[in-house]
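Trainee: I have the model open on my screen. Could we go through it together, term by term?

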Amino acid sequence: MINNGITVQQTAEYLKNADNILLLCHKNPDGDTLGSAGGLMYALKKLGKVCAVACNDEIPQKYDFLDLDVFSGQFTPEYIVAVDVADTKLLGDKMAEYADKVDLCIDHHPSNTGYATMVCCDGKLPAAAQLVLQVVQAMEVELDVNIANCLYTGLMTDTGCFKYSATTAETHIAAAQLLNAGAAHDFIANRFFMSKSRKTIALEKHALNTLEYYFDDKCAVIELPTDVLTEIGAQPGDIDGISAMPRTIEGVDVGITIRQISESVFKVSVRTNENANANEIAAGLGGGGHTKAAGCEVMGSMESVKNAILREVETALCR
Ligand SMILES: [Mn+2]
């Protein structure tokens, strides 16, 4: 699909010759897109570049410690670089003006559409942060605690604490290099994996009440309608991680989380094990992602969206 791929070395050379760089994250930002953008931001600043990070959504508070320099028009962007963004749709409405202007994309999604002029993508890596680390090293920037904290956050969150199957020995070597550079691994682990906001707990409580099983209990579905999200006062940062819940149930091959975004727009998160392909399921409704974690946005009602995704799940389970 991607015929404009470039190597890590070419990416490093390109960035070394660039300046006034705008780093774009995907909407509903997670630790990998923010950590990858942040790691690159600190590395480019060390090379004397002017750069900043931009995102469709406000950056959730729990990422405050990354201390990202958020773009607010402080310079005129000359180079647009997207990190961890598989498709221009994922940039979000507020970033749509850049959709056809992305010069470089650094990503790890096999579903990357190749929208950027140049794409440095390794679909086998568990996190974009692992690829960004390679780029930073190829630029010959010495790692420091800021770069390390950002990239470690990306690595740790996208690998689910180094548990997911895409984690390799190289991932651990990358993590070790970041620890050597001062990454606050225990602080980051505590913030993202060992503590939850009360709002998250309230959401989980609600979500478990909506739990339903389909297809001989091989598929579990949870729902998060907007009235519940509003009642709880949930911020995007409180919702992360909920989509991992249904797949953790013993015997479940496909976990589905349907979150209402607005009156008729729903975000469907798909999580699978080795018995089904999340990317294929999400692709059936115009989305995409990875083999075990993917998502799509669907118009309709909670019922119609659920029926549509269940048809895709059924097809996948029959394969
Ligand atoms: Mn990622």
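Trainee: Why is D32 called buried?

Mentor: Buried means under 20% relative accessible area, with over 50% for exposed and partly exposed in between, using a 1.4 Å probe and protein chains only. D32 has 0%, so it counts as buried. Keep in mind that this is a predicted model, where local features need pLDDT of at least 70, side-chain atom pairs count only at pLDDT 80 or more, and totals for chains, interfaces and linings use all residues. Residues are numbered from 1 along each chain as its sequence is written, and side-chain values use heavy atoms, without hydrogens and water.

Trainee: What makes D32 a donor of the manganese ion?

Mentor: Donors are N, O and S atoms within 2.8 Å of the metal (3.2 Å for Na, K and Ca); water is not among the atoms, so sites may look incomplete. D32 (OD), D84 (OD), H108 (NE2) and D158 (OD) coordinate the ion at 2.1 to 2.4 Å. Their spacing along the chain is D-x51-D-x23-H-x49-D. Distant parts of the chain are linked here, with D32 in helix α2 (residues 31–46) and D158 in helix α4 (residues 145–158), 126 residues apart. Helices (H or I, at least four residues) and strands (E, at least two) are DSSP runs, numbered from the N terminus.

Trainee: What about K306: buried or exposed?

Mentor: K306 has a relative accessible area of 4%, so it is buried. Its place is in helix α11 (residues 302–318).

Trainee: Why are β7 and β8 called paired strands?

Mentor: Pairing requires that DSSP finds at least two bridges between two strands. Strand β7 (residues 219–224) and strand β8 (residues 254–262) have six, in the parallel sense, so they qualify. E223 stands opposite I258 in β8.

Trainee: And which residues does K306 touch?

Mentor: Contact means heavy atoms within 4.5 Å. Leaving out residues up to four places away in sequence, K306 touches E212, Y214, V221, E223 and I258.
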